[in-house]
Amino acid sequence: MDFVAIDFETANARRASACSLALTIVKNNEITDQLYSLLNPHTYFDRRNVHIHGITADDIQEAPTLAELWPHIATFFQADKLVAAHNARFDCSVLQKSLQAFNLPPAQFAVIDSLQTSRRLLKGFENYRLNTVCQNLNIKLEHHHNALDDSLACANILLWQAKHFGQENLLPFIKAPQ
């Protein structure tokens with residue numbers, strides 16, 4: 001299975017306020033690379049978000065915008081690529097809204113959501129939050145709400161599920177590019 005697991009953190013409740021991004025690249029069911037970057041969203045930081053992820057306005061002063069980073073990562077977000085996220089609805093909307101904020105065209109790619117696969121394939125968990133799924137599967141999650149650790153955890157959840165349930169049982173969860 002080949003995919004890129006993504007995770008965003010946002011500066012505030014607006015989806016166009018991405019302040020960090022991580023990618024974990026998986027090829028042939030092996031994690032082959034990772035990328036992490038702080039992002040300058042050119043907007044304010046809400047104290048609630050800062051409390052969750054610890055990223056402040058001072059931290060991102062020298063960080064690139066998503067528009068500046070996009071040429072280096074856009075190849076992962078094409079119609080023939082599979083993108084994974086835990087709660088993909090959130091992360092994909094952050095990506096699309098952030099692209100829109102910088103007047104970039106929307107990205108089209110296939111999506112698989114490890115939150116949805118976990119709800120369907122794993123029974124009896126208290127909830128299906130990333131940290132809960134990781135704890136129940138004995139997957140290391142060092143710093144929850146650190147985009148790099150969260151993208152790695154998402155990748156490991158899908159790899160665990162592919163190993164235990166078969167890759168073919170994950171295929172129905174893939175949503176085609178729109």
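Modeller: Gladly; here is how the labels follow from the values, topic by topic. This is a predicted model, in which local features need pLDDT of at least 70 and side-chain atom pairs count only at pLDDT 80 or more, while totals for chains, interfaces and linings use all residues. Residues are numbered from 1 along each chain as its sequence is written, and side-chain values use heavy atoms, with hydrogens and water left out.

Biologist: Let's start with cysteines. How do you know how many disulfides there are?

Modeller: A disulfide here is a pair of cysteine sulfur atoms within 2.5 Å. A search of the whole structure finds zero. The sulfur of C134 has its closest cysteine partner in C154, 9.0 Å away, so the two are too far apart for a bond.

Biologist: What makes a group of residues a nonpolar core?

Modeller: The members are buried Ala, Val, Leu, Ile, Met, Phe, Trp, Tyr and Cys residues, joined through side-chain atoms within 4.5 Å. The largest such core has 23 residues, and F77 and L95 touch the most other members. At least two residues of this core come from each of β1 (3-10), β2 (18-27), α2 (66-73), β4 (82-85) and α3 (88-101). Helices are DSSP runs of H or I with at least four residues, strands are runs of E with at least two, and both are numbered from the N terminus. The largest share, five residues, is supplied by α3.

Biologist: Which residues does F77 contact, beyond its neighbours within four places in sequence?

Modeller: Contact means heavy atoms within 4.5 Å. By that rule, F77 is in contact with I6, L23, W70, V83, L95, A107, Q108 and F109, once neighbours within four places in sequence are set aside. There is also a second, separate core of 16 residues, including F3, A5, A110 and F173. As background, nonpolar side chains tend to be buried together in soluble globular proteins.

Biologist: Why is F45 called buried?

Modeller: The relative accessible area of F45 is 17%, so F45 is buried. It sits in the loop between β3 (30-38) and α1 (47-53). Leaving aside neighbours within four places in sequence, F45 is in contact with A11, C19, V50, I55, T56, A57 and I60.

Biologist: What makes the crossing of α4 with α6 left-handed?

Modeller: A crossing is left-handed if the near helix is turned anticlockwise from the far one by less than a right angle, and right-handed if clockwise. α4 passes α6 in the left-handed way. The axes of α4 (residues 114-121) and α6 (residues 147-165) come within 10 Å and cross at roughly 35°. Those axes are lines fitted to C-alpha atoms, for helices over the stretch in contact, with angles from 0 to 180 degrees between N-to-C directions.

Biologist: Which residues meet there?

Modeller: From α4 they are S114, T117, S118 and L121, and from α6 they are C154, I157, L158, Q161 and F165. The residues of this contact divide into five nonpolar, four polar and no charged. In that count, Ala, Val, Leu, Ile, Met, Phe, Trp, Tyr, Cys and Pro are nonpolar, Asp, Glu, Lys and Arg are charged, and the others, Gly among them, are polar.

Biologist: Why did you flag N87 for its phi?

Modeller: Most residues other than glycine have a negative phi. N87 is not a glycine, yet has a positive phi of about 75°. N87 lies in the loop between β4 and α3, and its relative accessible area of 33% makes it partly exposed. H145 likewise has a positive phi, near 75°, and H145 is partly exposed at 30%.

Biologist: Finally, how do you know whether K175 is buried or exposed?

Modeller: K175 has a relative accessible area of 55%, so K175 is exposed. K175 lies in the segment after α6 and touches F109, A110 and V111, not counting residues up to four places away in sequence.

Terms used. Buried means under 20% relative accessible area, exposed over 50%, partly exposed in between (1.4 Å probe, protein chains only).
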